[in-house]
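Here are my notes for you, in numbered points. Keep the picture open while you read and find each residue as it comes up.

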Amino acid sequence: MSDHKPDNFRAKVEIASAFAVLLGLIFVGLELRQNTAAVEAATFQNLTDATNDYILELASNSEILRVWNIGSVNPDQLNELDALRYNLVMRAYWVRMQNVFSQWKRGTLAAQDWRLYQAVICDPDNVTGNIGERVTFDQHTIVLSPEFIEFVGACWNE
């Protein structure tokens with residue numbers, strides 16, 4: 001009977017160890033979930049700040065707003081300097097939209113936050129009503145990833 005006591009003790013230690021490992025994994029899972037939520041929130045805040053900066057720059061700079069307004073409707077009406085300005089403003093837009101897409105693909109932007117930006121990128125009224133957006137997208141594909149280019153093309157052709 002004395003032979004069974006060490007085996008019984010060993011079994012209890014193994015069960016306790018397995019339970020401790022299970023508790024540790026649960027804790028790590030909870031910490032990982034909390035960390036993921038914090039990263040997603042920070043990413044969304046940074047993207048929102050960048051979007052607000054872009055919008056406020058357009059709204060507060062009458063010259064850029066004038067160029068953006070003309071370029072959005074008929075980019076061919078812009079003179080050479082204004083066409084360059086419009087091109088740079090739209091490059092900032094497309095690079096930012098690609099960043100949003102990349103953050104979503106990496107898992108650092110929550111799906112519900114991505115859907116807001118996806119709606120902006122894929123909105124058919126925005127695409128057909130903003131000729132300059134369509135033209136500049138084609139001009140900026142050199143600085144955009146193939147995956148983002150494919151995404152935009154697919155959503156515009158739906």
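1. Start with helix 4, on the face turned away from its buried side: you'll find Arg115 and Leu116 there, both exposed. Here, buried means under 20% relative accessible area and exposed over 50%, with partly exposed in between (1.4 Å probe, protein chains only). Helices (H or I, at least four residues) and strands (E, at least two) are DSSP runs, numbered from the N terminus.

2. A word on what you're looking at: this is a predicted model, where local features need pLDDT of at least 70 and side-chain atom pairs count only at pLDDT 80 or more, while totals for chains, interfaces and linings use all residues. Residues are numbered from 1 along each chain as its sequence is written, and side-chain values use heavy atoms, leaving out hydrogens and water.

3. Now the other side of helix 4. Which of its residues are buried? They are Asp113, Trp114, Tyr117, Ile121 and Cys122. These cover an arc of only 155 degrees around the axis, so they sit on the same side of helix 4. (The arc is that of the directions from the helix axis to the C-beta atoms.)

4. Helix 4 runs over residues 111-122, and its 12 residues reach 15 Å from first C-alpha to last, close to the 16 Å expected at 1.5 Å a residue. That expected span is 1.5 Å times one less than the number of residues.

5. Time for the rings. The structure has 14 aromatic pairs; rings of Phe, Tyr and Trp (its six-membered ring) pair if their centres lie within 6.5 Å, and planes under 30 degrees apart count as stacked, over 60 as edge-to-face and the rest as tilted. Trp114 and Phe151 have ring centres 5.4 Å apart and planes at 55 degrees, so this pair is tilted. Because Trp114 lies in helix 4 and Phe151 in helix 7 (residues 146-156), the pair ties together parts 37 residues apart in sequence. Both Trp114 and Phe151 are buried.

6. Zooming out, the protein chain has seven helices and zero strands. Of its 158 residues, 28% count as buried. Among contacts (heavy atoms within 4.5 Å) between residues at least 6 apart in sequence, 66% join residues at least 24 apart.
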